[in-house]
Amino acid sequence: MQVTEIYKSLQGESTRAGLSCVFVRLTGCNLRCFWCDSEYTFTGGRRMTAEEMLDEVARLSPKGGLVEITGGEPMLQERELLPFMKRLLDEGYRVLIETSGERPLARVPQGVVKIVDVKCPNSGEPDTFDLTNLDALLPHDEVKFVISDRDDYEFARNFLVRHHLAERVHAVLFSPAFRKDASGARDARQCLLDPQQLAEWMLADDVPARLGLQIHKFIWDPALKGV
Ligand code: SF4
């Protein structure tokens, strides 16, 4: 697989936020979200065999634990990724995959928790989520919306209701978009949408979703990679 980096940090998002996690960040993405903080994954990286990747995961987390497959868009390397995730599960790791849901997800191994980032209108990549993937969602999966303004919020709220997401998956996450060029200050002023504003909208509408903050950007400099 083409790999940008493998590193250990605290999980910054999802319901596992705050837990120690090994991140396997694959190279390449077919989308171009305007607030993307991972553009360095679009090209480059290095070719690694599944064996080499497993060795690196085991070196970083020898006692098992949480592994997140992310990118870029990891499902672009589906042919090699699916057996790799199965190997991780067989080795006793708990495996998450972060994906946009633009590629088919039905063949992701059942034990893998899918965190599906449905793109909102102002991401620059609206309508990229493949609606047939709704049928591939399992009760342990999570669906995330990165929200940069009121239009995005209304899209996420309406999508959640229309597709009964709260009944389909373990958690629905509404996360304020971060400034792409954020660096230095580790606080909410770096968000494109004030988390307080998003929280107030969610409370007013009684939305069955949880507010998610990218906590790694409040712990380390938001410009820092590999954390
Ligand atoms: S899908 Fe993810 S990696 Fe790709 S452009 Fe969007 S935010 Fe960046």
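Is Asn122 buried, partly exposed or exposed? Asn122 counts as partly exposed because its relative accessibility is 28%; the cut-offs are under 20% relative accessible area for buried, over 50% for exposed and partly exposed in between, with a 1.4 Å probe and protein chains only.

## About the model

This is a predicted model, in which local features need pLDDT of at least 70 and side-chain atom pairs count only at pLDDT 80 or more, while totals for chains, interfaces and linings use all residues. Residues are numbered from 1 along each chain as its sequence is written, and side-chain values use heavy atoms, with hydrogens and water left out.

## The overall picture

The protein chain has six helices and nine strands. These are DSSP runs numbered from the N terminus: helices are H or I with at least four residues, and strands are E with at least two. Along the principal axes, the C-alpha atoms fill a box of roughly 50 × 40 × 30 Å. The radius of gyration of the protein chain is 17 Å, which agrees with the value near 17 Å for a compact globule of 227 residues. This radius is taken over C-alpha atoms, and the globule rule is 2.2 Å times the number of residues to the power 0.38.

Of the 227 residues, 53% are buried. Contact means heavy atoms within 4.5 Å. Among contacts in the protein chain with a separation of 6 or more, 69% join residues 24 or more positions apart.

## Back to Asn122

You can find Asn122 in the loop between S6 and strand S7 (142-147). Asn122 and Ser148 are 26 residues apart in sequence, and their C-alpha atoms are 7.0 Å apart in space. Not counting residues up to four places away in sequence, Asn122 touches Phe34, Trp35, Ser148, Asp149, Asp151 and Asp152.

## A look at Thr70

Now move to strand S4 (residues 65-70), where Thr70 has its place. Thr70 counts as buried because its relative accessibility is 7%. Leaving aside neighbours within four places in sequence, its contacts are Phe23, Val24, Arg25, Leu26 and Glu98.

## Charged partners

How many salt bridges does the structure hold? There are 16 salt bridges, each being a side-chain nitrogen of Lys or Arg within 4 Å of a carboxyl oxygen of Asp or Glu. One of them joins the side chains of Glu80 and Arg47, at 2.5 Å from N to O. Glu80 lies in helix H2 (residues 78-90) and Arg47 in strand S3 (residues 46-47), so this pair ties together parts that are 33 residues apart in sequence. Glu80 is partly exposed, with a relative accessible area of 24%, whereas Arg47 is exposed at 52%.

Another salt bridge links Glu78 with Arg107, where the closest N and O atoms are 2.9 Å apart. Glu78 lies in helix H2 and Arg107 in the loop between strand S5 (93-99) and strand S6 (113-117), so the pair ties together parts that are 29 residues apart in sequence. Arg107 counts as exposed because its relative accessibility is 60%.

Arg103 and Glu102 also form a salt bridge, with their closest N and O atoms 3.0 Å apart. Arg103 is partly exposed at a relative accessible area of 31%, and Glu102 is partly exposed at 25%. Finally, look for Glu13, Glu98 and Lys144, which are linked in a network of salt bridges.
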